[in-house]
Amino acid sequence: SYWFKQAVALTDMLMDNKEEAAAKLMSSMLKQYISVRNSGSEYYYHAFLLGILSMAGFSRGIEIEEEMETGKGFSDIVLRQRDTAVILELKKGGNSFKGCTDACKSAVGQIIEKDYARRFIDEEYAEVYGIGIGFGGKDCVMQSLGNLAEK
């Protein structure tokens with residue numbers, strides 16, 4: 001189905017650290033599939049994204065974990081396959097581009113501050129991507145920290 005193809009494409013983009021394309025697709029999916037009435041909580045976006053990634057990830061052999069203890073806290077969603085780990089930190093901002101951007105910056109800051117990549121770097125993953133996602137209304141903004149295993 002079209003929904004499943006979108007889910008697989010989003011999962012692949014995140015695994016390949018293509019955050020700009022992923023943000024565009026995610027915003028499109030939000031516009032198609034959610035009601036603004038439900039967009040008041042970070043938990044709603046978390047569950048929506050977790051559902052998409054779990055379904056698509058399972059079909060691709062990608063492990064999906066939520067609230068995984070990493071570094072000095074719990075990262076929202078982690079995708080793992082072979083020697084690649086993708087850490088997703090989600091934040092809800094205001095229903096504007098600035099609100100999404102501010103929330104995204106906060107999410108990226110939390111990945112760094114709480115050292116979420118440490119576990120995967122210590123386990124010698126070749127690629128460890130940290131991606132902050134800011135949501136607001138039917139939009140999202142993503143920012144990648146690049147490969148944290150190389151820093």
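Before you click, here's how angles work: axes are lines fitted to C-alpha atoms, for helices over the stretch in contact, and angles run from 0 to 180 degrees between N-to-C directions. Helices (H or I, at least four residues) and strands (E, at least two) are DSSP runs, numbered from the N terminus. The model is predicted, with local features needing pLDDT of at least 70 and side-chain atom pairs 80 or more, while totals for chains, interfaces and linings use all residues. Residues are numbered from 1 along each chain as its sequence is written, and side-chain values use heavy atoms, leaving out hydrogens and water.

First, select residues 2-15 and 19-33, helices α1 and α2. Their axes come within 9 Å and cross at roughly 150 degrees. So the two are roughly antiparallel (angles over 145 degrees). Residues in this contact (heavy atoms within 4.5 Å) include Trp3 and Leu10 of α1, plus Leu25 and Met29 of α2.

Now pick glutamine 6, in α1. Is glutamine 6 buried or exposed? It's buried (under 20% relative accessible area), at 4%. Further along the sequence, glutamine 6 touches Leu25, Ser28, Met29, Gln32 and Tyr33.

Next, show the open sheet, 5 strands in the order β1-β2-β3-β4-β5 with mixed pairing. Two strands pair if DSSP finds at least two bridges between them. Colour β1 (63-70) and β5 (139-147): these are the edge strands, each pairing on one side only.

Last stop: select 97-113, helix α4, which packs on the sheet and touches β3, β4 and β5.

Terms used: Buried means under 20% relative accessible area, exposed over 50%, partly exposed in between (1.4 Å probe, protein chains only). Angles under 35 degrees count as roughly parallel, over 145 as roughly antiparallel, 65 to 115 as roughly perpendicular and the rest as oblique. Lists of a residue's contacts leave out its neighbours within four places in sequence.
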